[in-house]
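Trainee: I have a new model open and would like to go through it with you. Can we start with the overall layout and then look at single residues?

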Amino acid sequence: MPLPLADRVIQLAFDPGITPAGGGLPGLAVLKNVVNSINMFGIIAVVGALAVSFGVWAWGHHTGGHQAEANGKKGAVVAAGAALGLGAANGIVAFFSALGSQVR
């Protein structure tokens, strides 16, 4: 006789008992250092991209190049968004990780 639907759903909701734990694998400190370095490299690249975008925007404005001006504005907005994402990456992951741990 097949199991009722409620019993099958309860079987799917089995808790495997796995939680994130620091220090379980060797090299965790090295991995954190690598990720921090990648984040810093990204932030430095965004500063350069923002400076170039502002330069293109100003050049386009002063020479009457509407296409260059528009591209400079787009570049500035994209660079600002990238800076926001890079700066908030740790907080975003922590927020959704905490939110995900509340799911039962």
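This is a predicted model: local features need pLDDT of at least 70, side-chain atom pairs count only at pLDDT 80 or more; totals for chains, interfaces and linings use all residues.

Trainee: Fine. How many helices and strands are in the protein chain?

Mentor: The protein chain has 3 helices and 0 strands. Read from the N terminus, the order of elements is α-α-α.

Trainee: How much of the chain counts as buried?

Mentor: Of its 104 residues, 9% are buried. The accessible surface of the protein chain is about 8,500 Å², and carbon and sulfur atoms make up 72% of that surface.

Trainee: Let's take H2. How many residues does H2 have, and how far does it reach?

Mentor: H2 has 36 residues, and from the first C-alpha to the last it spans 52 Å. That is close to the expected 52 Å at 1.5 Å a residue.

Trainee: What follows H2?

Mentor: Gly-64 comes after H2, and its phi is positive, near 80 degrees.

Trainee: Which residues of H2 are buried?

Mentor: They are Gly-42, Val-46, Ser-53 and Gly-60. The buried residues of H2 pack against helix H3, which covers residues 66–101.

Trainee: Pick Ser-53. Why does Ser-53 count as buried?

Mentor: Its relative accessibility is 11%, and the cut-off for buried is under 20%, so Ser-53 falls in that class.

Trainee: And what does Ser-53 touch, leaving out residues up to four places away in sequence?

Mentor: Ser-53 touches Gly-72, Gly-75 and Ala-76.

Trainee: How far is the C-alpha of Ala-49 from that of Ala-79?

Mentor: The two C-alpha atoms are 6.3 Å apart, although Ala-49 and Ala-79 are 30 residues apart along the chain.

Trainee: Over to Glu-69. Where does Glu-69 lie?

Mentor: Glu-69 is part of helix H3. At 16% relative accessibility, Glu-69 counts as buried.

Trainee: A buried Glu, then. What does its side chain make a polar contact with?

Mentor: With the side chain of His-61, at 3.5 Å. Setting aside neighbours within four places in sequence, Glu-69 is in contact with Val-56, Trp-57, Gly-60 and His-61. Gly-60 is also one of the buried residues of H2.

Trainee: Trp-57 makes me think of rings. How many aromatic pairs does the structure hold?

Mentor: There are 2 aromatic pairs. In one of them, Phe-54 and Trp-57 have ring centres 6.1 Å apart and planes at 35 degrees, so that pair is tilted.

Trainee: Why tilted rather than stacked?

Mentor: Stacked needs planes under 30 degrees apart and edge-to-face needs over 60. The angle for Phe-54 and Trp-57 is 35 degrees, so the pair counts as tilted.

Trainee: How are those two placed along H2?

Mentor: Phe-54 and Trp-57 are 3 residues apart in helix H2, so about one helical turn separates them. Phe-54 is partly exposed at 43% relative accessibility, and Trp-57 is partly exposed with 31%.

Trainee: And what about Phe-95 and Phe-96?

Mentor: Phe-95 and Phe-96 form an edge-to-face pair, 5.0 Å centre to centre with 80 degrees between the planes. Phe-95 and Phe-96 are both exposed.

Key: Residues are numbered from 1 along each chain as its sequence is written. Side-chain values use heavy atoms; hydrogens and water are left out. Rings of Phe, Tyr and Trp (its six-membered ring) pair if their centres lie within 6.5 Å; planes under 30 degrees apart count as stacked, over 60 as edge-to-face and the rest as tilted. Helices (H or I, at least four residues) and strands (E, at least two) are DSSP runs, numbered from the N terminus. Buried means under 20% relative accessible area, exposed over 50%, partly exposed in between (1.4 Å probe, protein chains only). Contact means heavy atoms within 4.5 Å. Accessible areas come from the Shrake-Rupley method with a 1.4 Å probe; for residues, only the protein chains shown count as cover. The expected span of a helix is 1.5 Å times one less than its number of residues. A polar contact is a pair of N or O atoms within 3.5 Å; within protein, one must be able to donate a hydrogen and the other to accept it, and residues adjacent in sequence count only if both atoms are side-chain atoms.
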